[in-house]
Amino acid sequence: MAHDVYICYDEKDAGISEAIYHSLKENNVEAWIKSKDMASDEGVDRIVEVIEDSRCFLLVLSKHSKDAQHVIIEVDLAFSKEIPIIVFNVDNTKVEGNLEFILENQIS
């Protein structure tokens, strides 16, 4: 099943990420978030599948997520599949390093 939005976040930002998820769902946007939609017995393959099947990718950017390896990998996957990436910056975090390279080279 394709989703409108895949929500990528660091676990330390679960509260705000889930609030975004619920707001999207209330507005009839089919969103997917690991904390709500992934069964405990599912692995990384499920995340890859959902990212690939999503219409867009929402990065919840924060001081926590900017350096999280799993976040960088997920953003890179979305970029490589040419999935539009939307950045929701929760704390005015400056993007640097690998994440900056990926986001600065995103196809518009």
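The model is a predicted one. Along the principal axes, the C-alpha atoms of the protein chain occupy a box of roughly 30 × 30 × 25 Å.

The secondary structure of the protein chain consists of five helices and four strands. Read from the N terminus, these elements follow the order β-α-β-α-α-β-α-β-α. Contacts in the protein chain were considered between residues at least 6 apart in sequence; of these, 73% join residues at least 24 apart.

Of the 108 residues in the protein chain, 39% are buried, where buried means under 20% relative accessible area. The accessible surface of the protein chain amounts to about 6200 Å². Carbon and sulfur atoms account for 48% of this surface.

As for charge, the protein chain carries 10 positive and 22 negative side chains. The centres of these two sets lie 3 Å apart.

Confidence in the prediction was examined for the chain and for its elements. The protein chain has a mean pLDDT of 91, and 97% of its residues reach 70 or more. Among the elements, strand E3 (residues 54-61) has the highest mean pLDDT, at 97, whereas helix H2 (residues 34-37) has the lowest, at 85.

Methods:
Residues are numbered from 1 along each chain as its sequence is written. This is a predicted model: local features need pLDDT of at least 70, side-chain atom pairs count only at pLDDT 80 or more; totals for chains, interfaces and linings use all residues. Side-chain values use heavy atoms; hydrogens and water are left out. Helices (H or I, at least four residues) and strands (E, at least two) are DSSP runs, numbered from the N terminus. Buried means under 20% relative accessible area, exposed over 50%, partly exposed in between (1.4 Å probe, protein chains only). Contact means heavy atoms within 4.5 Å. Accessible areas come from the Shrake-Rupley method with a 1.4 Å probe; for residues, only the protein chains shown count as cover. Lys and Arg count as positive and Asp and Glu as negative; His and the chain ends are not counted. The place of a charge is taken as NZ of Lys, CZ of Arg, CG of Asp or CD of Glu. pLDDT is the predictor's confidence in each residue, from 0 to 100.
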